[in-house]
Amino acid sequence: MLPENFQYDGYQWQVLKRYLLEVKETKVGLLVKATDHDESNRIRGALSMLSQILALEETAKQTQGR
């Protein structure tokens, strides 16, 4: 469920989005270097959550008919 009043075009979202993209990039690097299956799965889970959060912007745009 998307927050109805969240502003994806605002400054706060842009700062948060930039941070999430940086974290995602770091996690991808960690995934490449992962040494065991459990560590790899934890990183994949984090990447999945980051992707879901980042996708909220596009979903909101589609919902609002932009």
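Of the 66 residues of the protein, 17% count as buried. The model is a predicted one.

**Overall form**

The protein has two helices and zero strands. Its radius of gyration is 14 Å, well over the 11 Å that the globule rule gives for 66 residues, so the protein is more spread out than a compact globule. Along the principal axes, the C-alpha atoms fill a box of roughly 45 × 20 × 15 Å. Contacts between residues at least 6 apart in sequence were also sorted by separation: 56% of them join residues at least 24 apart.

**Two positions**

| Residue | Relative accessible area | Class |
|---|---|---|
| L16 | 35% | partly exposed |
| T35 | 70% | exposed |

L16 sits in helix α1, which covers residues 11-33. Its value of 35% lies between the 20% and 50% cut-offs, so L16 is classed as partly exposed. Together with F6 and Y19, L16 makes a nonpolar surface patch of about 280 Å².

T35 lies in the loop between α1 and α2, the latter spanning 37-64. At 70%, T35 is over the 50% cut-off and therefore counts as exposed. The T35 side chain makes a polar contact with the side chain of E39, at 3.3 Å.

How far apart are T35 and L16 in sequence and in space? They are separated by 19 residues in sequence and by 30 Å in space, C-alpha to C-alpha.

Methods. Residues are numbered from 1 along each chain as its sequence is written. This is a predicted model: local features need pLDDT of at least 70, side-chain atom pairs count only at pLDDT 80 or more; totals for chains, interfaces and linings use all residues. Side-chain values use heavy atoms; hydrogens and water are left out. Patches are made of residues with over 30% relative accessible area and no salt bridge: like charges are joined within 9 Å, nonpolar side chains (Val, Leu, Ile, Met, Phe, Trp, Tyr) within 5 Å. Accessible areas come from the Shrake-Rupley method with a 1.4 Å probe; for residues, only the protein chains shown count as cover. A salt bridge is a side-chain nitrogen of Lys or Arg within 4 Å of a carboxyl oxygen of Asp or Glu. Helices (H or I, at least four residues) and strands (E, at least two) are DSSP runs, numbered from the N terminus. Buried means under 20% relative accessible area, exposed over 50%, partly exposed in between (1.4 Å probe, protein chains only). The radius of gyration is taken over C-alpha atoms; the globule rule is 2.2 Å times the number of residues to the power 0.38. Contact means heavy atoms within 4.5 Å. A polar contact is a pair of N or O atoms within 3.5 Å; within protein, one must be able to donate a hydrogen and the other to accept it, and residues adjacent in sequence count only if both atoms are side-chain atoms.
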